[in-house]
Amino acid sequence: MARLSAAVHVQHPATREWVVLEPGEEPVPELAAEITNADAWENGVLPELDEDAESEGPPPSGFTPEDSSQPEPEPEPEPEPETAPQRRRKAST
């Protein structure tokens, strides 16, 4: 695995927590995938990552898989239009 040449602040893809990685560290693949600046790596070369490493783990918060087995909610019925109040007529004299 490649080593960092600079300190990096990166957001963990699964937990969304901020992580500080120090120079000389060899980050785990899911964190390494988030570091796209070549200047942060020794020799200025981005490490090659396995595509499988990115697909492991839980999906990011707030997202559901597309093949979800839950039915789509029915749309709410539209409210009935309000009727205008009747205008009072003056008594004829």
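This is a short walk through a predicted model of one protein chain.

Start with the fold. The protein chain has two strands and two helices. Read from the N terminus, their order is β-β-α-α. Of the contacts with a separation of 6 or more, 33% join residues 24 or more positions apart.

Next, the surface. The protein chain has 93 residues, and buried ones make up 14% of them. It exposes about 8700 Å². Carbon and sulfur atoms supply 47% of that area.

Now look inside. The largest nonpolar core holds nine residues in all. They are Leu 4, Val 8, Val 10, Leu 21, Leu 31, Ala 32, Ile 35, Ala 40 and Trp 41. Two elements give two or more residues each to this core: strand S1 (8-11) and helix H1 (29-32).

Take Val 8, one of the core residues. Leaving aside residues up to four places away in sequence, Val 8 touches Val 19, Val 20, Leu 21, Ile 35 and Ala 40.

Finally, the charged side chains. The structure holds one salt bridge. In it, the side chains of Arg 3 and Glu 26 meet at 3.2 Å, N to O. The pair links distant parts of the chain, 23 residues apart. Arg 3 sits in the segment before S1, while Glu 26 lies in the loop between strand S2 (18-21) and H1. Are these two residues buried, partly exposed or exposed? Arg 3 has 39% relative accessibility, so it counts as partly exposed. Glu 26 has 41%, so it also counts as partly exposed.

Terms used. Residues numbered from 1 in each chain as written. Predicted model: local features only at pLDDT ≥ 70, side-chain atom pairs only at ≥ 80, totals over all residues. Heavy atoms only, no water. Helix = DSSP H or I, 4+ residues; strand = E, 2+ residues; numbered from the N terminus. Buried < 20%, exposed > 50% of the residue type's maximum accessible area, 1.4 Å probe, protein only. Contact = heavy atoms within 4.5 Å. Areas by Shrake-Rupley, 256 points an atom, 1.4 Å probe, with all protein chains shown as cover. Core = buried A, V, L, I, M, F, W, Y, C linked by side-chain atoms within 4.5 Å. Salt bridge = Lys/Arg side-chain N within 4 Å of Asp/Glu carboxyl O.
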